[in-house]
Amino acid sequence: MELVILHVSDIHVARDKIKQLKEWLKNHNQRVDVVLVSGDIANMKMDPQASQEEVTMHHRDMDAVVKAIAEINPNLYYIPGNHDAITAFNTSHLPPDAPPTNVHMRKVQLAPHLHLAGLGGSLPGYLKGNLYWNGFPYQSHEEIGQDLHKLLDPIFFSKESTLPPGDTVILMTHCGPSESATTKAYCDVGVPLQFPPIESGSSVLSELLCKQELQDHVVMNIHGHTHVSFGHVHLGRISVLNSGALLEGRFALYHLIHKGGSQGWELKAFQFYQLA
């Protein structure tokens, strides 16, 4: 069994890029089985004091963008990013499996023996130990770490875990793991190449991905957030993939295969693309 996943991130309401992406997929006769969107769907300022009117407007933007991307394939799952409405971080009222749907702090089944777990939002970015980017809704490694544990502990570390031994998990986060090339920004908009880089990843996520329980089950951690650091690295047996920002024309395709039995799903191939 093979599954083709389209991964887009950091759209920032760029409807022209969505249209371009649809045309590219059609012109290349590209099959897509699942669409995963890893946050920054809207383009809201990171303001915890934003008015209800502003929050509602940006949530509507999110809904409109998700609807447009779901025309590629309605089998779509997304998480909010730091530029999305705060209301998108409340998923307790959503049905368990009804794509297109928000999977922040949730686990859903994508295919037989394949699951998706999601965590949106970002923590601050730091340059030489000083605050460079604000985070939203998280303000520290400890804050985002609490939600990572709430999401992942019941899946991987609980005696009551319902994850079968041979099943595989895709972990979708908005910001990626710290110490990964996919979260180190050596430049920024209007800023030349610099060293050391801006650090935008989560140390708690890195620590969890190194745990044997996740190494045994997680095939990949896909994320966005750090626009300039698109690409792929390995963290042990786990592939960490940043698709880049669709705002800048970037997206990725992942080909997963399942050989049957208890062997789990494998990442057979991946490609990163830039729209012309």
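This is a predicted model: local features need pLDDT of at least 70, side-chain atom pairs count only at pLDDT 80 or more; totals for chains, interfaces and linings use all residues.
User: How far apart are the end C-alpha atoms of α1?

Analyst: They are 18 Å apart. This agrees with expectation, because 13 residues (15-27) at 1.5 Å a residue should span 18 Å.

User: What comes just after α1?

Analyst: Just after α1, N29 takes a positive phi of about 50 degrees.

User: Changing topic: in what order do the strands of the open sheet run?

Analyst: The open sheet has 6 strands, in the order β5-β6-β9-β12-β14-β13, and their pairing is mixed. Its edge strands, β5 (106-111) and β13 (231-235), each pair on one side only. On average, neighbouring strands of this sheet are turned by 20 degrees against each other, with direction ignored.

User: Do β9 and β12 pair in the parallel or antiparallel sense?

Analyst: They pair in the parallel sense, over 4 bridges, with β12 covering residues 218-223. In one of these pairings, V169 has V218 in β12 as its bridge partner.

User: Which helix packs on the sheet?

Analyst: Helix α3 (residues 141-156) does, touching β5, β6 (114-119), β9 and β12. The direction of α3 makes about 160 degrees with that of β6.

User: Now H174. Where does it lie?

Analyst: H174 lies in the loop between β9 (168-173) and β10 (184-185).

User: Buried or exposed?

Analyst: H174 counts as buried, because its relative accessibility is 0% and the cut-off for buried is under 20%. The side chain of H174 makes a polar contact with the side chain of N82, at 2.9 Å.

User: How far is L119 from H174?

Analyst: The C-alpha atoms of L119 and H174 are 6.8 Å apart in space, although the two residues are 55 residues apart in sequence. L119 is found in strand β6, and L119 is buried, with a relative accessible area of 2%.

User: What else does L119 touch, apart from H174?

Analyst: Beyond residues up to four places away in sequence, L119 touches several others, including I79, H104, Y138, L148, L151 and M172.

Definitions and conventions: Residues are numbered from 1 along each chain as its sequence is written. Side-chain values use heavy atoms; hydrogens and water are left out. Helices (H or I, at least four residues) and strands (E, at least two) are DSSP runs, numbered from the N terminus. Buried means under 20% relative accessible area, exposed over 50%, partly exposed in between (1.4 Å probe, protein chains only). A polar contact is a pair of N or O atoms within 3.5 Å; within protein, one must be able to donate a hydrogen and the other to accept it, and residues adjacent in sequence count only if both atoms are side-chain atoms. Two strands pair if DSSP finds at least two bridges between them. Axes are lines fitted to C-alpha atoms, for helices over the stretch in contact, and angles run from 0 to 180 degrees between N-to-C directions. Contact means heavy atoms within 4.5 Å. The expected span of a helix is 1.5 Å times one less than its number of residues.
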